Amino acid sequence: MRTKINFRQYGLYLIRWQLSTPILAVTLIVLASLSKISATIVANLIGGLIFFWVDKFIFTSPLLLAQWQVEENVQCCDCGKISRGYRLVKTSNYDRSKSPPKFRCEHCSQIKTQQLRQAGITV
Ligand SMILES: [Zn+2]
């Protein structure tokens, strides 16, 4: 089975790893009087307390789980313009994965997204 990578999640996860570096560095400076091992244990504890919640958001937020399909040079189904087209495929409470694809230009896609939000779709 092929694993599908959600690049928004992956990107945020890589940024989140970078944020652990300053926490480690600052803790090691503040706790310089402790041994390096003890200070590292405290730094990892602080990191764990923070990043448990950050990771939980990254991997479970419905906002990040939204799947979009993007195609070049397609006709917008609303205004007819040929451009890059966007199509919302699936979110936690919306599924058009088995419907015939309808793409919208960036402008019309933003309007449609707003309408979906007003209708209670998480996107
Ligand atoms: Zn359009």
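Biologist: A compact globule of 123 residues would have a radius of gyration near 14 Å, but what does this protein have?
Modeller: Heads-up, this is a predicted model, where local features need pLDDT of at least 70, side-chain atom pairs count only at pLDDT 80 or more, and totals for chains, interfaces and linings use all residues. Residues are numbered from 1 along each chain as its sequence is written. The radius of gyration is taken over C-alpha atoms, and the globule rule is 2.2 Å times the number of residues to the power 0.38. Against the rule's value near 14 Å, the protein has 21 Å.

Biologist: How much of the protein counts as buried?
Modeller: Buried means 20 or more other C-beta atoms within 10 Å of a residue's own, exposed means 12 or fewer, and partly exposed is in between, with C-beta atoms placed from the backbone. Of the 123 residues, the share that counts as buried is 7%.

Biologist: In what order do the elements run from the N terminus?
Modeller: Helices (H or I, at least four residues) and strands (E, at least two) are DSSP runs, numbered from the N terminus. There are four helices and three strands. From the N terminus on, their order is α-α-α-β-β-β-α.

Biologist: How far apart are the end C-alpha atoms of helix α1?
Modeller: The expected span of a helix is 1.5 Å times one less than its number of residues. For the 24 residues of α1 (residues 7–30), that should be 34 Å, and the value in the model agrees: 35 Å.

Biologist: How many of those 24 residues in α1 are buried?
Modeller: Helix α1 is hardly covered. Its count of buried residues is one.

Biologist: How are α1 and α2 oriented to each other?
Modeller: Axes are lines fitted to C-alpha atoms, for helices over the stretch in contact, and angles run from 0 to 180 degrees between N-to-C directions. The axes of α1 and α2 (residues 36–60) come within 9 Å and cross at roughly 160 degrees. Angles under 35 degrees count as roughly parallel, over 145 as roughly antiparallel, 65 to 115 as roughly perpendicular and the rest as oblique. The two helices are therefore roughly antiparallel.

Biologist: Is Leu 116 buried, partly exposed or exposed?
Modeller: Leu 116 sits in helix α4 (residues 106–118). Because Leu 116 has 16 C-beta neighbours inside 10 Å, it counts as partly exposed.

Biologist: Which residues does Leu 116 touch, not counting those up to four places away in sequence?
Modeller: Two residues are in contact if their C-beta atoms, placed from the backbone, lie within 7 Å. With residues up to four places away left out, Leu 116 touches Tyr 94, Ile 121 and Val 123.
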